[in-house]
Structures are given as C-alpha cells and as structure tokens.
Amino acid sequence: MVVAILALQGAFVEHGYMLDRLGAEHFEIRQRKDLDRAFDALILPGGESTVMGKLLRELDLFAPLQEKIKAGLPVFGTCAGLILLAKEVAEDKTYLGTMDIRVKRNAYGRQLGSFYTETEFKGLGKIPMTFIRAPYIESVTGDAEVLAEVDGKIVAARQGKQLVTAFHPELNEDVSVHKYFLEMAGLQ
C-alpha cells in the first residue's frame, strides 16, 4: 500500500517522515506524470492554499486528483490541505470542494497568531496540536463529523475517507493522527 504526498509547496517532507516512522511506503507528487504511479491514499499538506490551488491547475493535477477523491481515494488534508478539500471557504473561492465543511482561512491571524496546545481528538485521546496561520472549520454538514475542537472552534473533521486537521500533526513527535489516517484508509 502506497501513500502519495502532494509536494508542490508547504510542509510535505515532514509528512514523509511521519509515514517513514509508521513503515508506510510513500512518494511525492510534483507533476502530472507522477499520477501514473499507483497509490492508495493521498496527503495534502499545509502551506499556502492559494498557491497550491494555482499550481494544481497549472500542472494539470487538479481535475485528476479531484476525480480520484470523489471516487473514494482516502485523503488527509492538513491546514491548507483542509482548505483545498472544503466545499465552502468563507470570503474566498473553493478548490477541490469534496468535503461538506465550511472553512475560515487564516482564522487565527498572522504568523504571530501561531500556537501549540493539547486537546482531545475523538478516538485518540489528548494529542499535541501545532497551529500555524491556521484555518478552522466554521461548520460541518452532511456526513462530515467533528473530531476535535479548540476553544469552541472545530479543528479536525472526517467525512468517509476524507480527514482534515487545521493543525499540523506532522510537526510533532506524536504519530497518532497519521496512524489514524492509515487505519481509516485501510492501509494498516
């Protein structure tokens, strides 16, 4: 079983480290021909959602990835990846639009608004969470379910085989969220 990591911009290397620690095979998607490789799950990392959205279109990755996700490909979006998957982005355009969530970009302010906390994540207990210019989920609809909240704001959710976090689990030592994703995807 293989996990692809979108590697256009952002914190993609760190996701690879987490997958290495869990013994999961992975590779990076940088261009259209990378989609020719077989993969069983996808990680959309944190970074800048506007840049990532633009590059997805310019590199002709947008439609094929959107189709794969809509067809049931397990996907894990962190921070900007969460924004890419949201069906609704407050005061901004949507991107892949595959998950029944409404998101607020840069909800915690600028870089100086970054913070670390530990709180409950459904099914995992208390875990570390690092937020960097993070969004949060304003609302979930349909089959989307809330997995974690910080100060009354939704910071993790799941819908079928789609998992999103507003925080960066790849920036901590704890591998539990990545393990949760692999188990959700049927890869562990």
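Me: Hi! Where is arginine 133 found, in a strand or in a loop?
Reply: Hello! In this predicted model, arginine 133 sits in the loop between strand 8 and strand 9, the latter covering residues 136–140.

Me: And what is its phi like, positive or negative?
Reply: The phi of arginine 133 is positive, near 45°, and this residue is not a glycine.

Me: Is arginine 133 buried, partly exposed or exposed, and why?
Reply: Arginine 133 counts as partly exposed because its relative accessibility is 31%, and that class runs between 20% and 50%.

Me: Which residues lie nearest the centre of the largest pocket?
Reply: Arginine 133 is one of them, along with Gly47, Cys79, Ile132 and His168. The lining has 16 residues in total.

Me: How much space is in there, and what kinds of residues line it?
Reply: The largest pocket holds about 230 Å³ of space. Its lining divides into 7 nonpolar, 6 polar and 3 charged residues.

Me: Let's go to threonine 130. Where is that?
Reply: Threonine 130 belongs to strand 8, which spans residues 125–131. Threonine 130 is classed as buried because its relative accessibility is 15%, under the 20% cut-off.

Me: What does the side chain of threonine 130 make a polar contact with?
Reply: With the side chain of asparagine 172, at 3.0 Å. Leaving out residues up to four places away in sequence, threonine 130 also touches Phe115, Tyr116, Phe167, His168 and Leu171.

Me: What about methionine 18, buried or exposed?
Reply: Methionine 18 is buried, with a relative accessible area of 3%. This residue is in helix 1, residues 12–21. Beyond residues up to four places away in sequence, the residues it touches include Pro169, Asn172 and His178.

Me: How far is methionine 18 from lysine 54?
Reply: Their C-alpha atoms are 27 Å apart in space, and the two residues are 36 residues apart in sequence.

Me: New topic: which residues touch the most other members in the largest nonpolar core?
Reply: Those are Ile29, Phe39, Leu42 and Phe121, in a core of 67 residues. Not counting residues up to four places away in sequence, isoleucine 29 touches Phe39 and Leu42, among others.

Me: Last one: where is aspartate 151, and is it buried or exposed?
Reply: Aspartate 151 lies in the loop between strand 10 (145–150) and strand 11 (153–159). Aspartate 151 is exposed, with a relative accessible area of 74%. Its phi is positive, about 50°, although aspartate 151 is not a glycine.

Terms used:
Residues numbered from 1 in each chain as written. Predicted model: local features only at pLDDT ≥ 70, side-chain atom pairs only at ≥ 80, totals over all residues. Heavy atoms only, no water. 1 Å grid on protein atoms, 1.4 Å probe; cavity = no way out; pocket = protein on both sides within 12 Å on 5 of 7 lines; lining within 4 Å. Points joined across faces, edges and corners; volume = space filled by probe spheres on them. Nonpolar A, V, L, I, M, F, W, Y, C, P; charged D, E, K, R; others polar. Core = buried A, V, L, I, M, F, W, Y, C linked by side-chain atoms within 4.5 Å. Buried < 20%, exposed > 50% of the residue type's maximum accessible area, 1.4 Å probe, protein only. Contact = heavy atoms within 4.5 Å. Helix = DSSP H or I, 4+ residues; strand = E, 2+ residues; numbered from the N terminus. Polar contact = N/O pair within 3.5 Å; in protein donor to acceptor, adjacent residues only side chain to side chain.
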